[in-house]
Amino acid sequence: MDINLFKFCSGLKALGYLMILMVAAIIVVSYYAVVVVTWGPKVLVGGAESVLSLAIIVVFHILLILLTWSYFMVVFRDPGSVPENWRPMAEDYNLEEGTMTSSDCAAPQTLYPTPSSSDGQERRPAVGYCIQCQNGKPPRCHHCSVCQRCVLKMDHHCVWVVNCVGAYNYKFFLLFLLYTFLETTLDTLVLLPSFINFFGEAKNHSASPGNLSIIFLAFVINLAFALSLLCFIVMHASLLSSNTTSIEVYEKRRAVRWKYDLGRKMNFEQVFGKKKALWLFPLYSEDDLSSIPALHGLDFPTRSDVEA
């Protein structure tokens, strides 16, 4: 009897909802430690310390708003679904090769006839077919075992957002990483003096035990997240610069020249768009959506297109 272990992946959705509650809890703990306990009371002291406290609180709230905005955009934005009964354009047939995998793709003769080369050997078509979804698979599309559907330009399924990261929300995910890293780094730095004084104040009972515990917990959590997020940011910056997804890393290593690498500037614009004013916000301009096909997840220019 064969057991499909991927069916158990659907249980990650339940874990994801717990992760959302955990994110909310971390934000509440950090807010209480930084604003309510540590720096908020110093705003009314006056002098340079008051100005510094006000600046820290303002920056804290700006980053928190951007972080929360980006987070909700990743959670609630569809990462990109394949249109029902999707068919490739005729000119896209030979645009790419090797996008099919034997695990979840096939190419039914009735839907995508296999072209033959001049020497009589059959070549694998550029566009695949998902057996689970019973639909065509555009280039760079993959089937998610957690969401139980195909996702356009899928990068990975993120349990922290209970959603896949794909063509439609990859920019929002990167901004979420960036702002979360900046927020946790800020929290770590501004709580560091209180953390250093933690042991002395706890010994002398000069501060509330509850507040000391909150400060200690917030510092440790934010430090741990800042260090781990730094690794993720470096990894995704590398992927972004080469126009690669996490799933495509192995495929890229086998290629002599990665077909989607259009140069750092164009690779960046494939995700963030060309309008610089919106690069730091989880938004796209109408011009970018109409002029950059990659943002729709169905058509991607290759090196040969750019060099032609």
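The second largest pocket has a volume of about 470 Å³. A pocket here is an open set of points on a 1 Å grid over the protein atoms alone, with protein on both sides within 12 Å along at least five of seven lines. Its volume is the space filled by probe spheres set on the points, which are joined across faces, edges and corners. There are 28 lining residues, and W160, F176, T180, F225 and L229 are the closest to the centre of this pocket; to line means to have an atom within 4 Å of a point.

This is a predicted model, in which local features need pLDDT of at least 70 and side-chain atom pairs count only at pLDDT 80 or more, while totals for chains, interfaces and linings use all residues. Residues are numbered from 1 along each chain as its sequence is written, and side-chain values use heavy atoms, with hydrogens and water left out.

I turn to the cores. The largest nonpolar core has 47 residues, and V34, Y170, F173, L174, V190 and L191 have the most contacts inside it. Such a core is a set of buried Ala, Val, Leu, Ile, Met, Phe, Trp, Tyr and Cys residues joined through side-chain atoms within 4.5 Å; buried means under 20% relative accessible area and exposed over 50%, with partly exposed in between (1.4 Å probe, protein chains only). Two or more residues of this core come from each of α1, α2, α3, α5 and α7 (264-272), and α3 gives the most, with 13 residues. Apart from this core lies another, of seven residues, among them W86, C130, C141 and C150.

What of disulfides, pairs of cysteine sulfur atoms within 2.5 Å? A search of the whole structure finds zero. C158 has its closest cysteine sulfur in C164, and the two sulfurs are 9.6 Å apart, so they are too far for a bond. C158 is buried, at 7% relative accessibility, whereas C231 is exposed, at 56%.

Definitions and conventions. Disulfide = S-S within 2.5 Å. 1 Å grid on protein atoms, 1.4 Å probe; cavity = no way out; pocket = protein on both sides within 12 Å on 5 of 7 lines; lining within 4 Å. Helix = DSSP H or I, 4+ residues; strand = E, 2+ residues; numbered from the N terminus.
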